[in-house]
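Here is a short briefing on a protein model.

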Amino acid sequence: MSFTGASMGSVAGTARRAFEFGQTYVVKPKGKHQATIVWLHGLGDNGSSWSSLLETLPLPNIKWICPTAPQRPITLFGGFPSTAWFDVNDLSENAIDDNEGLDASAAYVASLLATEPPHIKLGVGGFSMGAATSLYSATCFVRGKYENGNSYPVNLSAAVGLSGWLPCAKTLTSKLEGVEGAVNRATSLPILLCHGKGDDVVPYNYGEKSSQKLRSCGFQDVAFKSYTSLGHYTIPEEMDEVCGWLTSKLGLEGKS
């Protein structure tokens, strides 16, 4: 399945990239289906590795959808291609946001959620670059639209970001000002951020500043969990935190 800038309302006459997304892996709920979460992998990874881990979690009421990002040239790698949700030119606060890539991936995530039954709660989550894409999706939900102006089509009930950061943080405040319904959506959307203090890929302070920025923009239910010795990977303690948080925020029934 591909998403292009042109299909999402780009300016006529402007050449846009087409994004070919890879294979999607689905973990079916082992109990009563109450929630569906799209979970996004990190740079250079694929949906399979995370689906294998998520299948082991004691969350029988959740259906997990684990797509694979497109192969694309990465500026940070000198143009070398990798699976990525968007382009990255630098891992710093001065990085240039790839709005077109972010929009395409957020739209793809929304398309995966849009076909779920109406009574099912919907969420987004991910690791590293996948976490960044999930947080971007959350801001699109609160704004009610993507950066390109198209409407965001689904109602999110939760967002999780592990070892990630908030894209477009510098402009978020101004983009939310005066948007009808944005305050209520920001207030009601619970977000969990987890980050290791030993992360040598995405620095710990990126996660910490992301949580602070979200709170300053009206996201009132933001939990930030830190792990002293954790690097750029996940550990059972962190996944236990995710399980408990999702069970609470989504009102999951357990094994029934």
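A cavity is a set of grid points where a 1.4 Å probe fits but cannot get out. The model is predicted. A search of the whole structure finds 3 cavities of 30 Å³ or more. The largest cavity has a volume of about 70 Å³.

**Largest cavity**
- Its lining is made by Y136, T139, C140, R143, E147, L166, P167, C168, L172 and K175.
- Two helices, α3 (129–143) and α4 (169–176), each supply at least two residues of this lining.
- The largest share, 4 residues, comes from α3.
- By type, the lining residues of the largest cavity are 6 nonpolar, 1 polar and 3 charged.

**Second largest cavity**
- A131, L135, G161, S163, G164, W165, L193, C194, H195, G207, S210 and F224 line the second largest cavity.
- At least two lining residues each come from α3, β10 (191–196) and α6 (204–216).
- The top contributor is β10, with 3 residues.
- The lining of the second largest cavity has 6 nonpolar residues, 6 polar residues and no charged ones.

**Surface patch**
- L43, L76, F77 and F80 make a nonpolar surface patch of about 360 Å².
- One of these residues, L76, sits in the loop between β6 (71–74) and β7 (80–83).
- L76 counts as partly exposed because its relative accessibility is 34%, and partly exposed covers the range between buried, under 20%, and exposed, over 50%.

Key. Residues numbered from 1 in each chain as written. Predicted model: local features only at pLDDT ≥ 70, side-chain atom pairs only at ≥ 80, totals over all residues. Heavy atoms only, no water. Patch = residues over 30% accessible without salt bridge, like charges linked within 9 Å, V, L, I, M, F, W, Y side chains within 5 Å. Areas by Shrake-Rupley, 256 points an atom, 1.4 Å probe, with all protein chains shown as cover. Salt bridge = Lys/Arg side-chain N within 4 Å of Asp/Glu carboxyl O. Buried < 20%, exposed > 50% of the residue type's maximum accessible area, 1.4 Å probe, protein only. 1 Å grid on protein atoms, 1.4 Å probe; cavity = no way out; pocket = protein on both sides within 12 Å on 5 of 7 lines; lining within 4 Å. Points joined across faces, edges and corners; volume = space filled by probe spheres on them. Nonpolar A, V, L, I, M, F, W, Y, C, P; charged D, E, K, R; others polar.
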